[in-house]
Every structure is written in C-alpha cells, then in structure tokens.
Amino acid sequence: KLHISEEVQRSFTVSVKGLGMDTISKGEAEVERLRNMKKERMGVLVKEARDTITSLWDETNMDSSQRCSFQEFCVQEEENYTDDLLQQHDDYIQILQARLEQMRPILSIIRKREEILQERQEYEELQKNPDRLKQRGAALTKQLMIEEKMNRRIKKDLPKYTDVLVRKLNSWSKENHEPFLYSGEEYLNVIQRQEEEWRDYKDHEVQVRLQKKQKERTTDIMLSHGGYSGGQRSKSRARSNSRGRTALSNVQSRENSLASAGSNQSHGSGKNRDRKGGGRNERFESNASRTRPSSRLRGVR
C-alpha cells in the first residue's frame, strides 16, 4: 500500500543480520518510519481502497442499496481517516473479492449469453438485407459461412446458456438469500423479459409479413380486374365500331341501290317515250299515205 520500491526493501534486508539488538533496533526504526509514512499518506490510501471497492461493486453488479450498506464509504473528512477506517476498507475489499470469485462462473455465462443475444439481433437484420447475396465467389461463400455459424450459435448455444443460468441463479438465491443482480437488476427477471420481448418481436414480424403478402395479393387482384375491364372495354369499342361501319355500309348500299334504281327508271321511261313516239309517227305516216292520192291518179285527172 505504501508502494515501497523493491530496491529499498532489499537494502533493508541486507542491512540486518542475525537476531541481535542491532537488528531489533533497525526493525523498530523501519516500522516507525513506515507508520509515519502511512499517516502522511492516509488520505491517499483511503482513496485507493475506495477506488478498489468501487471497481469490485461494478464487477459484482451491486445495486445502490447494497453499496450504501458499507457506511464507512461515506466518511469524507480526512481528519477522520484513521488506521481503523483504512482497515475496515481493507476487510470489506476481502469480502467483495470473495463474492466476485463466487460470481465469476455465472458472470462469464451471462456475458456469453448477452453476446449471443446481440448476435441474434444482427442475424435478424442480415436476413432482411437481400443485397448481401449479390456477392460472388469467395465473398459470398464467406458471408454464408458467417451466417451459418451465427445461426448455429443462436439455435444451439443460446438455449444451453439460458438453461444453465436458470439453474445456477436459483442455486445462488438459495445459498445467499438474495437474487443474483446484473447491472442492478435480478437476472432471472432479465431472462424472462428478454424471452417475452423476443416472442413479441417475432409475432410482430409475422404480422408484418402477412400484411405485406395480403397487400401484394390485393394489388394483384386489382390489377387483374383492371386489365380485364380494360380488355372488355376495348372489345366493346371494337364491336361498336364494327356495328357503326356495318350500318354506314348498309346506308351507303341502300343509297347506291336507290340511285341505281332511279337511273334505271329514268332510262326506261325515255325508251318508252321513244317507242311511243315512234309508234305515233308510224301511224301518222301510214294514215297520211292512205289519204294522199298517188301521182298516177293525179295525172289521169
């Protein structure tokens, strides 16, 4: 604690020989020197002890109520820093170190489990990114191997660590008459909360996928109906246009028929008139020839 160098310690050891009065005198003088040094450095020594205690508190995940139970830590006036106070700090450090040794196996498993939980979340994010599969050759093989390793740890190691922890945490509670705390929270409760949150997350993901598929199905149906209606409208327009062309063609045909019929009737009437006129002329000439005397008779007269 006084940070006496090895060189000074060797020098004192060499200076004393045997068990004579000279050795005893030198020993007593060295003790007095160290006591005075300790007294002068008492404030520093107490501070160093408290730094060690704080570090052990953090490692053992002790909450505020457990920390406050060591009331000597609250003594702040340096005039009250004594050998007894320093010794109390040293004794408390021994207790915390023993507690830490007892907790280390459980803490190690907790840290491994927490790492896999973080890895599980990263794996979920990877699965949502299809671009990772656009790699080629060795890069894609390496990525797939990483994901396979992550998936194996999640499926195999996470349940194993969880089961081991539940057993050890229950044993800890029975033996120490207190729950095992991690970051100020009972870790058995932490496990239960994490499992519930994960189930809720997976249920939410399932609902999101179902809603997405339903939306895509609805969109496909709407597009299908829209395309069918458009086709029907196109066919209807085509039939309407066809009927229009047919009607127009029929009208034109009737008009042409009427025009042709009129032309034929006019031509036929002309011929009839010519025939009638010709007949009248023939009859007139015939009558004229019967009434006009021949030249032979006129001569005789």
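This is a predicted model: local features need pLDDT of at least 70, side-chain atom pairs count only at pLDDT 80 or more; totals for chains, interfaces and linings use all residues.

Biologist: Got it. How many helices and strands does the protein chain have?

Modeller: The protein chain has eight helices and two strands. Reading from the N terminus, the order is α-α-α-α-α-α-β-β-α-α.

Biologist: And what share of the residues is buried?

Modeller: Of the 301 residues in the protein chain, 22% are buried.

Biologist: What about contacts between residues 24 or more positions apart?

Modeller: Taking the contacts with a separation of 6 or more, 70% are between residues 24 or more positions apart.

Biologist: Let's look at some helices. How do H3 and H5 sit relative to each other?

Modeller: H3 covers residues 42–59 and H5 covers residues 83–127; their axes come within 9 Å and cross at roughly 20°. Angles under 35 degrees count as roughly parallel, so H3 and H5 are roughly parallel to each other. The crossing of H3 past H5 is left-handed.

Biologist: Which residues meet there?

Modeller: On the H3 side they include Leu45, Val46, Ile53 and Trp57, and on the H5 side they include Leu86, Tyr92, Ile93 and Leu96. By class, the contact of H3 with H5 has 14 nonpolar, three polar and four charged residues.

Biologist: And H5 with H6, at what angle do they pack?

Modeller: H5 and H6 pack at about 145°, and their axes are 8 Å apart. H5 passes H6 in a left-handed crossing. The residues of that contact divide into 16 nonpolar, six polar and 11 charged.

Biologist: You mentioned Trp57 and Tyr92. Which aromatic cluster do they form part of?

Modeller: Trp57 and Tyr92 are in one aromatic cluster together with Phe70 and Phe73.

Biologist: How many aromatic pairs are there in the count?

Modeller: Counting rings of Phe, Tyr and Trp whose centres lie within 6.5 Å, the count comes to six aromatic pairs. Phe70 and Tyr92 are one example: their ring centres are 4.1 Å apart and their planes are at 0°, so the pair is stacked.

Biologist: Where do Phe70 and Tyr92 lie?

Modeller: Phe70 lies in the loop between H4 (64–68) and H5, while Tyr92 is in H5, so the pair ties together parts that are 22 residues apart in sequence.

Biologist: Are those two buried or exposed?

Modeller: Phe70 counts as buried, at 6% relative accessibility. Tyr92 is buried too, with a relative accessible area of 11%.

Biologist: What about the rings of Trp172 and Phe180?

Modeller: Their centres are 5.2 Å apart and their planes are at 80°, so that pair is edge-to-face. Trp172 counts as buried at 3% relative accessibility, and Phe180 is buried with a relative accessible area of 2%.

Biologist: Last stop: where is Gln76, and what does Gln76 touch?

Modeller: Gln76 is in the loop between H4 and H5. Leaving out residues up to four places away in sequence, Gln76 touches Arg50 and Tyr81. Gln76 is exposed, with a relative accessible area of 51%.

Biologist: How many residues along the chain separate Gln76 and Gly43?

Modeller: They are 33 residues apart along the chain, and their C-alpha atoms are separated by 9.9 Å. Glu77, also found in the loop between H4 and H5, is 34 residues from Gly43 in sequence and 9.4 Å from Gly43 in space, C-alpha to C-alpha. Glu77 counts as partly exposed, at 42% relative accessibility.

Definitions and conventions:
Residues are numbered from 1 along each chain as its sequence is written. Side-chain values use heavy atoms; hydrogens and water are left out. Axes are lines fitted to C-alpha atoms, for helices over the stretch in contact, and angles run from 0 to 180 degrees between N-to-C directions. Helices (H or I, at least four residues) and strands (E, at least two) are DSSP runs, numbered from the N terminus. Angles under 35 degrees count as roughly parallel, over 145 as roughly antiparallel, 65 to 115 as roughly perpendicular and the rest as oblique. A crossing is left-handed if the near helix is turned anticlockwise from the far one by less than a right angle, and right-handed if clockwise. Contact means heavy atoms within 4.5 Å. Ala, Val, Leu, Ile, Met, Phe, Trp, Tyr, Cys and Pro count as nonpolar, Asp, Glu, Lys and Arg as charged, and the others, Gly among them, as polar. Rings of Phe, Tyr and Trp (its six-membered ring) pair if their centres lie within 6.5 Å; planes under 30 degrees apart count as stacked, over 60 as edge-to-face and the rest as tilted. Buried means under 20% relative accessible area, exposed over 50%, partly exposed in between (1.4 Å probe, protein chains only).
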